[in-house]
Amino acid sequence: MPLGAPPLFQEDEQETPLQQLIRYWTNERHAPDILPTEEDLLSRLLDHIRSQSETVQLLRSDPSSSEEEHFRIMLAQTEVERVKFVVRSYLRIRLFKIEKFARYIMTNPEVQQRLSESEVDHARRFARLTDQHFYHSVLQSLPESQQTLDDQPPFVPSMVTEPDKTRAVFAHARQNCPPVRLPDGTALKMQKGHISLTPYSVVEQLVTRGEVELV
């Protein structure tokens, strides 16, 4: 990256932090379920952005900077803004899913482990506010046996919104993957570079392990 900083994006087999974030961002956009948080990666990138922004401001305020240096400053600022865009979009997607599946998250400890502490706190508060809103708006007027949102009477859809893991996704194999079982019972073996259209549940574990990315 300009200004002597280590590059955030480069064309080689070793993923840079920015390349990793873009992959996690793309996966989060296409996955129907909420994926494990990448809090450490975000922290490193935000520290890098902060350092780069401070360097840019110092150089821009230096009257002795040459025209070539100003051009390098502009490139560095553009790169910083690009990283900021990806970070903001990644966090917005996660926030949308947390609010959409708040009650599901709070009743599922395994899902809570995928979230950061602040994300779990937000899900808890949002679920509580939603429960209060529904109770005061509708549920308090119903019979006592029907005043909860988590009851599941026969032939009635659940009132707790859950991710639809049967939704089809395009999965790109980043390496040769072990066979996975399709809903019809047949086996799917994904070779490196192969793209398959399959229910998310089929490749969920491969996505989590980083063997497959969603496109």
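Predicted model: local features only at pLDDT ≥ 70, side-chain atom pairs only at ≥ 80, totals over all residues.
User: Is Glu213 buried or exposed, and how far away is the nearest side chain of opposite charge?

Analyst: Glu213 is buried, yet it has no salt bridge. A salt bridge needs a side-chain nitrogen of Lys or Arg within 4 Å of a carboxyl oxygen. The nearest side chain of opposite charge belongs to Arg174, and its distance is 4.1 Å.

User: Where does Glu213 sit, and what is the strand order of the sheet?

Analyst: Glu213 falls in strand β5, residues 212-214. The sheet is open, with three strands and antiparallel pairing, and its order is β4-β1-β5.

User: Why is one side of β4 and of β5 left without a neighbour in the sheet?

Analyst: Check the order first: β4-β1-β5. Both β4 (195-199) and β5 stand at the edges, so one side of each is left without a neighbour, as each has a single partner strand.

User: How many bridges join β1 to β4?

Analyst: Strand β1 covers residues 168-173 and runs antiparallel to β4. The number of bridges joining β1 to β4 is five.

User: Which strands does helix α7 touch, and what angle does its direction make with that of β4?

Analyst: Helix α7, residues 200-209, packs on the sheet. It touches β1, β4 and β5, and its direction makes an angle with that of β4 of about 120 degrees.

Technical notes:
Residues numbered from 1 in each chain as written. Heavy atoms only, no water. Helix = DSSP H or I, 4+ residues; strand = E, 2+ residues; numbered from the N terminus. Buried < 20%, exposed > 50% of the residue type's maximum accessible area, 1.4 Å probe, protein only. Lys, Arg positive; Asp, Glu negative; His and termini not counted. Pairing = 2+ DSSP bridges. Contact = heavy atoms within 4.5 Å. Axes fitted to C-alpha atoms, helices over the stretch in contact; angles between N-to-C directions.
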